[in-house]
Amino acid sequence: MKTDDLITLLSTNPEPVDRKAVARTFWVAFAAGLIAAIGLALGGLGFRTDFMTTRALAFLAVKFTFAIGIVGLAMVYLARLARPGGEQRISPILVVLPFLVIVALAAVSLGAAPRSYWDKMIIGEEWLECLLSIPIIAIVPFAISIWAVRQAAPTNLARAGAFAGLIAGGISAMAYALHCTDDSLPFIAVWYSGTIVLCTLAGALLGPRLLRW
Amino acid sequence: MTTSETELKALMLASLEGNALSHRALLERLSLRLRAYYKAKLAVLGRGTAEAEDLVQETVLAIHLKRHTYDPQELLTPWVYAIARYKLIDFLRHNRMSLTAVPIDEACDVMAVDDSASAESTFDLRQLMKRLPEGMQCAIEAVKLDGLSVAEAATRCGLSESGVKVNIHRGLKTLAKLISQETRK
């Protein structure tokens, strides 16, 4: 086929383009992912029973702040990564900031506690549940994030996949926090961070296969 | 180079508004530059002009389908270059060619040279279109080949107007997929 014929075909009655399409898709995906994750967490695991106590609310706020920080930063970067050449204009190093903050807070909290409490603070009651729940709950938000990125045109697929995984992990952590009763900063630093990083790695591995266009 | 960027960007902005003449001029000018780019890259591997033309057409189609991802606050040239480079790397990888043999440079030399010696690509769009579902085929034929309005196409194909638009978009996306399958054997 001749290239001119293709150009003629493409430029006959072209539709005007919605320039906000990429941003809108991302917001829809975020909302859908969050709703799905919360539904899964509450349907499968349920609210934490001591929901209205001050301590529970305080730790819920910490976990939310941590997860929202991650998701917010990751969304800014993914919005760029989803456009051709976007990977060349950003250095996504800022995204480690929430992780550094929570690890620093965890270290301070461990330093202030007697050594005999450390095991309990780090391992918590439900570390296995946390380790399994966050990646499992993340599956649906991950699929939705990948769908959103596929509507755009990433040119670095591993990195775009990693950020889709990071967002999914962050959303999932937000949802799981509604159930989780392990209230210690070291627990959040180890298990929340760890599982979110796991989701990010999975995204980086799956990205090249899922995002090709 | 700078005037070219300014001109191309102006064409792109008009084409995003749905201006057919600008869209055509944009795709024509970009195809000249893409041809020079891909010929130079593939020549290193001893590949012919037909394969370069495959990549030109694939990239032109990608630019058309992905034009909503262009951010008007940014320069157009790096956006086009990123797509061209992505398609080249994807082509090389799936044809089991060494990426190291081809210099995948960072500079924007994709915009440097024109090449108007067009060749035929290795695939036939009309043949590929026959593999599309009926609705997509009918919508693309009516609007894109016969130049009917969306309303006229809706009557001819027995679809709603939004159905015609959706079918055109999905059809072109499917065609892009078929083309990349054809050229990566």
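Student: In what order do the elements of chain B run from the N terminus on?
Tutor: They run α-α-α-α-α-α-α-α. Chain B has 8 helices and 0 strands. Helices (H or I, at least four residues) and strands (E, at least two) are DSSP runs, numbered from the N terminus. This is a predicted model: local features need pLDDT of at least 70, side-chain atom pairs count only at pLDDT 80 or more, and totals for chains, interfaces and linings use all residues. Residues are numbered from 1 along each chain as its sequence is written, while chains are lettered from A and ligands numbered from 1 in the order in which they are written.

Student: What share of chain B is buried?
Tutor: Buried residues are 40% of its 185 residues. A buried residue has 20 or more other C-beta atoms within 10 Å of its own, an exposed one 12 or fewer, a partly exposed one a count in between; C-beta atoms are placed from the backbone.

Student: Which domains does the assignment give chain B?
Tutor: Domain 1 (1-121) and domain 2 (123-185). The bounds come from an automatic or database domain assignment.

Student: How many residues does each domain of chain B put into the contact?
Tutor: Domain 1 of chain B puts in 9 residues and domain 2 of chain B 8 residues. Contact means C-beta atoms, placed from the backbone, within 7 Å.

Student: And which helix gives the most to the domain 1 side?
Tutor: H3(B), with 5 residues. By class, that side of domain 1 of chain B has 4 nonpolar, 3 polar and 2 charged residues. Ala, Val, Leu, Ile, Met, Phe, Trp, Tyr, Cys and Pro count as nonpolar, Asp, Glu, Lys and Arg as charged, and the others, Gly among them, as polar.

Student: New topic. How many residues of chain A are in contact with chain B?
Tutor: 25 residues of chain A, in contact with 39 residues of chain B. H1(A) gives the most to the chain A side, with 7 residues. By class, that side has 13 nonpolar, 6 polar and 6 charged residues.

Student: How many residues has the largest nonpolar core?
Tutor: 109. Such a core is a set of buried Ala, Val, Leu, Ile, Met, Phe, Trp, Tyr and Cys residues joined through C-beta atoms within 7 Å. Helix H8 (residues 157-177) of chain A gives the largest share, 14 residues.

Student: Where does this core lie relative to domain 1 and domain 2 of chain B?
Tutor: Between them, because both give residues to this core.

Student: Which residues have the most contacts inside the core?
Tutor: Ala74(A), Leu78(A) and Phe163(A). Not counting residues up to four places away in sequence, Ala74(A) touches Val95(A), Phe163(A), Leu166(A), Ile167(A) and Gly170(A).

How values were computed: Contact = placed C-beta atoms within 7 Å.
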